[in-house]
Amino acid sequence: MIAKIFARLSLLTIGCAAFSYAEAAPLAPKIIVVAGWENGADTGDAPGEYQDWVERQHLDIIVPVRGVPKPILRRNAQGVYGLVLKYGSTDLTTLALDPHFDLRHTYWIFTGISGVDPNAASIGSVAWARWVVNGDALREIDDRSIPADWPYGLYAIGADRPNKLPSDPNHYGSITNVAQLSKAYALNQNLARWAFALSQHAPLADDPAIAAKRAQWHGYPNAQKPPFVMMGETLGALRYWHGEARNRWAQDWVKLWTNGQGLFVMTNEESQINQIEMRRLASRGAIDPDRIMVLRSGSNFSMPPPGVSVTQSMGDEGPGQNLAFDNNERAGEPVIAELLAHWATYRDHIPSAP
């Protein structure tokens with residue numbers, strides 16, 4: 001009886017529309033857009049990764065999540081939800097374990113800004129990932145102490161030099177199969193190609209200040225282009241790395257763990273953590289892993305332009321952030337519109353590229 005009374009009273013109001021669970025059936029979001037953080041309020045001030053989605057998708061209804069003290073979830077009337085990870089990947093698990101939600105048919109778009117490889121794309125460009133690659137667990141030797149024929153001092157645990165896959169799985173403790181050591185988390189490539197086909201001609205924004213800076217990138221034709229949409233991989237690493245040498249490592253690391261099929265484009269600090277959590281939830285039947293998409297946009301380059309020191313370039317995200325926020329939503333919008341327009345089909349049949 002107490003539980004029923006609580007359910008009837010489960011109402012959250014925080015300065016906008018609110019949602020009451022009452023005794024309704026579990027909510028079944030059609031799409032959840034996941035953002036990593038937001039500046040200040042969700043609307044009306046300087047944007048972060050979340051605000052453009054909230055305002056443009058009209059996510060005006062705050063939806064409570066059991067056990068979360070601050071609002072992290074919003075929705076609109078069409079079934080599009082936005083989740084901002086104020087408590088990190090824990091919010092994914094908390095949402096999935098809340099019995100008020102049924103996420104088994106939900107499509108996920110993990111969004112956010114990233115460092116972008118100037119060999120692959122320009123500031124403000126957007127990439128749909130086929131793999132999210134984990135750059136955390138590895139062996140490291142100071143580059144000043146490495147053998148003369150090594151390119152850098154980063155290499156896989158269980159391997160004996162850079163750019164080799166592990167040969168001994170016992171270095172990972174309980175793992176006994178080398179195949180289980182993969183650091184590339186495969187997404188549904190057919191779904192990724194479908195999303196790219198819908199969004200590749202989306203009208204992306206540009207910025208005069210960013211456009212002027214593109215001239216610095218002599219010898220990097222993709223870095224000199226106006227923002228565009230592409231397919232390419234996301235590398236997640238808790239270390240905030242920067243510079244040409246580490247950029248080479250990132251390119252090689254993505255190729256190593258994708259058997260030469262992946263292209264390093266975007267780097268950030270949380271994609272790998274989120275995908276580890278989503279795979280745990282999938283193993284428990286809480287979500288469908290084939291419905292996960294990852295869409296990242298470049299706010300700054302992962303190495304300095306020619307003639308600029310690495311220390312001067314490190315962390316220079318500010319000028320490109322707003323453009324990256326803007327274009328991230330612009331590229332995702334056609335995918336959301338298509339899923340909503342044909343939900344009767346896509347609820348049970350995952351789309352793929354022709």
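What share of the contacts in the protein with a separation of 6 or more comes from residues 24 or more positions apart? The share is 72%. Contact here means heavy atoms within 4.5 Å.

This is a predicted model, in which local features need pLDDT of at least 70 and side-chain atom pairs count only at pLDDT 80 or more, while totals for chains, interfaces and linings use all residues. Residues are numbered from 1 along each chain as its sequence is written, and side-chain values use heavy atoms, with hydrogens and water left out.

## Overview

The protein has 354 residues, and 53% of them count as buried. Buried means under 20% relative accessible area, exposed means over 50%, and partly exposed lies in between (1.4 Å probe, protein chains only). The accessible surface is about 15500 Å². Carbon and sulfur atoms hold 53% of that surface. The areas come from the Shrake-Rupley method with a 1.4 Å probe, and for residues only the protein chains shown count as cover.

There are ten helices and 15 strands. Helices (H or I, at least four residues) and strands (E, at least two) are DSSP runs, numbered from the N terminus.

Strand 5 is mostly covered, with five of its five residues buried. V80, G82 and V84 lie on one side. Y81 and L83 lie on the other.

Two strands pair if DSSP finds at least two bridges between them. Strand 5 pairs with strand 2 in the parallel sense, over five bridges. There, V33 stands opposite G82. Strand 5 also pairs with strand 4, in the antiparallel sense and over three bridges. R75 has Y81 as its bridge partner. Strands 4 and 5 form a hairpin with four residues between them. In the turn, G79 has a positive phi of about 100°.

Helix 3 spans residues 90–97, and its buried residues are D91, L92, T93, L95 and A96. Their cover includes strands 2, 4, 5 and 6 as well as helix 7.

## Strand 13 and its partners

Strand 13 covers residues 233–236. E233 and L235 point one way, T234 and G236 the other, and all are buried. Strand 8 (residues 131–134) pairs with strand 13 in the parallel sense over three bridges. V133 has L235 as its bridge partner. Strand 13 also pairs with strand 14 (residues 264–268), again in the parallel sense, over four bridges. G236 stands opposite N268 there. From strand 13 the chain crosses through helix 6 (residues 244–257) to strand 14, and this β-α-β crossover is right-handed. Right-handed means that, with the strands pointing away from the viewer, the path from the first strand over the helix to the second runs clockwise.

## Rings and charges

A search of the whole structure finds eleven aromatic pairs. Rings of Phe, Tyr and Trp (its six-membered ring) pair if their centres lie within 6.5 Å; planes under 30 degrees apart count as stacked, over 60 as edge-to-face and the rest as tilted. Two of the pairs are listed here.

| Pair | Centre to centre | Angle between planes | Type |
|---|---|---|---|
| W37 and F325 | 5.7 Å | 75° | edge-to-face |
| W194 and Y346 | 5.6 Å | 70° | edge-to-face |

W37 sits in the loop between strand 2 and helix 2, and F325 sits in helix 9. They are 288 residues apart. W37 is partly exposed, because its relative accessible area is 31%. F325 is at 3% and therefore counts as buried.

W194 lies in helix 4 and Y346 in helix 10, so the pair ties together parts that are 152 residues apart in sequence. Both W194 and Y346 are buried.

Ring pairs also link W241, W249, W253, W257 and F264 into a cluster. The charged end of R239 sits over the ring of W249, 5.1 Å from its centre. R291 lies over the face of Y107, at 4.7 Å from the ring centre. A charge sits over a ring if NZ of Lys or CZ of Arg is within 6 Å of the ring centre and within 35 degrees of the ring normal.

## A residue in helix 9

Is Q321 buried or exposed? Q321 is buried, because its relative accessible area is 18%. This residue is found in helix 9. Leaving aside neighbours within four places in sequence, Q321 is in contact with W37, I113 and S299. The C-alpha atoms of Q321 and N300 are separated by 7.7 Å, and the two residues are 21 residues apart along the chain.
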